[in-house]
Amino acid sequence: MILKRKLTKYVFLPTFIIGIYLYNPFDIFLIGNEMSFVFIILICFVIEYFIEKSKNGEEIYMRPIAAIKAMEEAVGRATEMGKPVLYIPGIASLDEIDTISGLIILGHVSSMTAEYESDLHVPVAVPIVMETAKETCKESYLKQGRPDLFREDMVHYITDDQFAYAAGVNGIMLREKPAAVFFQGKFYAESLILAETGNSIGAIQIAGTGSSSQIPFFVTACDYTLIGEEFYAASAYLSGSPEMLGSIKGQDYVKVFCIVMILVVFINSILFNFSLMNFNITDFFRINLIK
Amino acid sequence: MKRQLAYFVVIFIGFLALAGHFINYPPLNNFIDNDATQWFDIISGFAAFLGVINLLQLHTNKLVYKRKNWEYSILTIVSFMLMIVFGFFYIGMEGIPRGAHLKVEGTAFYWMFDNIYLPLGSSMFALLAFFVASASYRAFKIRNFEATLLLISGVLLMIGRVPIGHIIPWWMSVEIYICIIFALTANKFSNRKNMISSFILCLVIIPLIIYFLNITHWNLFKIPEVQEWIFDVPATAGSRAIMIGIALGTIAQSFRIITGREKSILGD
Amino acid sequence: MFNIKNIFIKLGQLDRRLIYLLVSLSVLIPLLNPNLLQLPTKTTKNTQIVFDSLNDLKENDKVLLSFEYGASTKPEIHPMSIAILNHLFSKGIKVYIVSLWPEGVMMAADAINEIVDSNLFKVEYGIDYINLGYKQGGPVVIRGIATNIGSVFTQDVHLTLLDEIPMMNNIKDVRDFDFVFDLSAGFPGNAEWVQYACDEYKIPLSSGCTSIMVTDAIPYVESGQLKGIIAGMPGAAEYENLVYDYLNNLEYNKFMNKNVDIKPGKATSRMSAQSITHLLMVLFIIFGNISYYLTRKKNN
């Protein structure tokens, strides 16, 4: 019965949806986006499957990520030293997924600072992010039962300009000398300026970004770095809820699928180039995300 | 109720944006492609007022109550007011319409951009040179395998990327490789005298062998070619891998948000 | 022997302020005296691909040039933009300038003014080039240019309606351009041009960007979605040299004013500074490692 339900939900249903899209009755779907639709449906159902599995009690093993474990230590260190925690949610606006991830992690960090009663300082570069960050911190402090510790000027706006923001944050670091600095969000060229200044004041630094070009700078200058998708998984990791952990497992299985596809395409390209095969699989994978 | 409404808005807009890319309904497609982003731009534009008010409030408070470092707040407020005056009121040139004066050379705003903002922006970016120097000096140490890999590729890229890399002769490249190999294996030698004598022997013999084998033209002995290979092969592979990982992470994160599972952003 | 060891250990523990001083001197001295050290610049494969792609264009072809950099990255990208504009004007190519960064408008104006002031080419606004100005929105603007340019730009930077400009006749979307060149220092950048416009409509695209962005752009170069890339200041110096040699070797060019000297660009003169600084950093790294090795041995 359970197997039948699972088969219906995770095999027949996505097949049916994909079939409807490919059949395209009454031209209700856009033409040219089939590949991206198929992959999005498959990815969503795989993630959903593992979310349900973990909700049903399956143990999900998560490899320890040093940077995430170090977050609590960093806040604890700041509390012991009586110095503030500086949290930088990147310089991009709320339409970037990195900023959203950064704000989600801010929620967890602010819970920790509320619990440990340490000072939190969040300078932001975008006004709309300021409002969201303020609400996130307020809710976290409220949830921890410490609304008295929340201050309105905890989260404040500096400037939109990239390097002026970096200069402002550097000034804050050099004057306030925070014991822990978090760089969690979207960063560009100012990343090394911020990280090196944080290093010079002796703060423990934990960075996480989806900007692949800035990761080497953070790896060099920070104590811990969340690389690539570890940053997006951090929020799930920190929450510890089975649903979130299940989604990470689903994501990993999708990655395995991508690896298999890369190998298949690689082998097919070699065979096609040496005329051992007539079918070129790369013609099949023409992705048109936007029509 | 407020929380439920927020979740509903997030879920609804998330699925609407997804539907806009796949459903063939021109008003929806147009909304998602053009209008939605413009709505966001308008909202974030108005949110700029909040930022400005917050900035002024913070610094005025600091100034009035003479909190720590209140002197810097004077500078912030004065600079802010100056830009408002030159941006909105004082043009400094005859015959230029308001609005266009921001881009026309000779106006007061353009002067401030050219003579204050431009040098300040360039100086901040130039700081990167110093920070890269101190970061590489501190971090590029043969501590473990990853740090060593970083060191070798960093050094080869730094030399290969600049014109000086092109004038390094093949034998110097060989000497550099020998130095790197001995730097990595130095602690494997039990006797320091043996290490130094092997090092000197290799420095002399290996280039001679390469010369007599007539393989001095190989790309391996040209640092710019090695640098290009590092760019084209391992760096591209790593970049692609991280891109794919980030894309998958983005999809999973977005899935959690639009299905209402990611509650931390709304404070849960 | 003991003294040499101590010297190396001390060299590996230099105060960062001394490092900053040495780096600033290594940059300043060659910049103040560019003739101090003249190093030959060899062209890399990717820069050559960009040059060849633009060189294949014909007179009256249309190129869309996107300025996406500001004051902070001007030293790296501005020399590229000057070299590109020189190359395009020497071939009589029509240049359409857009800016997706607010500062891009000023950078574009600076670049054009530099070309006009040099008197090397007889270019006229509205006939040889047009500046459509800045539009907020990033990828949305790129998408708008790709599908319907009129929905995004209605007037140029001088507030003239596009319908009144002859150069804009028959320009409806990105398919009406023969080439797109993107000068980017961040977001939106070459990836967005690939994703939202050029790859879908098969318009050749190339890019000049800061050195740090090259690793992100290389996958697109390898897959052919970007026709080469000009990487940072070394790339700018290479391109300047290519254009310099090309212009000097032209026997007759109706677009060029032969009485005006062709000057090599600024990036070329800055390469000696960059070379010395890189060498200095490599030396620091070597000393740091020797000191680390000796200190570890001492502690053991």
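Two residues are in contact here if their C-beta atoms, placed from the backbone, lie within 7 Å. With that in hand, welcome to this predicted model. Among contacts in chain A between residues at least 6 apart in sequence, 71% link residues at least 24 apart.

**Chain A at a glance**

- Chain A holds 10 helices and 6 strands, and 49% of its 291 residues count as buried.
- The C-alpha trace of chain A spans about 65 × 50 × 40 Å along its principal axes.
- Its domain assignment gives domain 1 (2–61 + 242–283) and domain 2 (66–239).
- Between the C-alpha centres of domain 1 and domain 2 of chain A there are 35 Å.

**Domains of chain C**

- Chain C is likewise split into domain 1 (2–32 + 270–299) and domain 2 (45–264).
- The centres of domain 1 and domain 2 of chain C, taken over C-alpha atoms, are separated by 40 Å.

**The sheet of chain C**

- In chain C, 6 strands make an open sheet with parallel pairing, and their order is β3-β2-β1-β4-β5-β6.
- The edges are taken by β3 (129–134) and β6 (229–231) of chain C, each of which has a single partner strand, so one side of each lacks a neighbour in the sheet.
- On average, and with direction ignored, neighbouring strands of this sheet are turned by 15 degrees against each other.
- Helix α9 (residues 232–248) of chain C packs on the sheet, where it touches β5 and β6 of chain C. The direction of α9(C) makes about 115 degrees with that of β6(C).
- Strand β4 (residues 179–184) and strand β5 (residues 205–209) of chain C run parallel and are joined by 5 bridges. Val180(C) stands opposite Leu205(C) of β5(C).
- Strand β1 (residues 62–68) of chain C pairs with β2(C) in the parallel sense through 6 bridges, and Ser66(C) has Val98(C) in β2(C) as its bridge partner.

**Burial within the sheet**

- Strand β2 (residues 94–99) of chain C is mostly covered, with 6 of its 6 residues buried.
- That cover reaches both faces of β2(C): Lys94(C), Tyr96(C) and Val98(C) are buried on one side, and Val95(C), Ile97(C) and Ser99(C) on the other.
- Leu64(C) belongs to strand β1 of chain C. A residue counts as buried if 20 or more other C-beta atoms lie within 10 Å of its own; Leu64(C) has 26, so it is buried.
- Leaving aside residues up to four places away in sequence, Leu64(C) touches Tyr96(C), Val98(C), Phe177(C) and Val180(C).
- Leu64(C) and Asp178(C) are 114 residues apart in sequence, yet their C-alpha atoms are 8.1 Å apart in space.

**Helix α8 of chain C**

- Helix α8 (residues 214–222) of chain C has Val214(C), Ala217(C), Ile218(C), Tyr220(C) and Val221(C) buried.
- Seen down the axis of α8(C), these buried residues fall within an arc of 165 degrees, so they line one face of the helix.
- An α-helix has 3.6 residues a turn, so residues three or four places apart point the same way.
- The buried residues of α8(C) pack against α9 of chain B, and also against α3 (45–55), α7 (190–201), β5, β6 and α9 of chain C.
- After α8(C) comes Gly224(C), which has a positive phi near 85 degrees.

**Where chain B meets chain A**

- Here 46 residues of chain B are in contact with 56 residues of chain A.
- On the side of chain B that touches chain A, the elements giving two or more residues are α1 (2–22), α2 (26–64), α4 (108–139) and α9 (223–258) of chain B.
- The most comes from α9(B), with 16 residues.
- By residue class, this side of chain B divides into 27 nonpolar, 16 polar and 3 charged residues.

**Where chain C meets chain B**

- Here 46 residues of chain C are in contact with 43 residues of chain B.
- At least two residues each are supplied to the side of chain C that touches chain B by α2 (16–32), α4 (74–90), α5 (102–118), α6 (139–147), α8 and α10 (266–299) of chain C.
- The most comes from α10(C), with 14 residues.
- This side of chain C divides into 25 nonpolar, 14 polar and 7 charged residues.

Conventions
Residues numbered from 1 in each chain as written. Chains lettered and ligands numbered in written order. Predicted model: local features only at pLDDT ≥ 70, side-chain atom pairs only at ≥ 80, totals over all residues. Pairing = 2+ DSSP bridges. Helix = DSSP H or I, 4+ residues; strand = E, 2+ residues; numbered from the N terminus. Axes fitted to C-alpha atoms, helices over the stretch in contact; angles between N-to-C directions. Nonpolar A, V, L, I, M, F, W, Y, C, P; charged D, E, K, R; others polar. Domains from an automatic or database assignment. Buried ≥ 20, exposed ≤ 12 C-beta atoms within 10 Å, placed from the backbone. Arc of directions from axis to C-beta.
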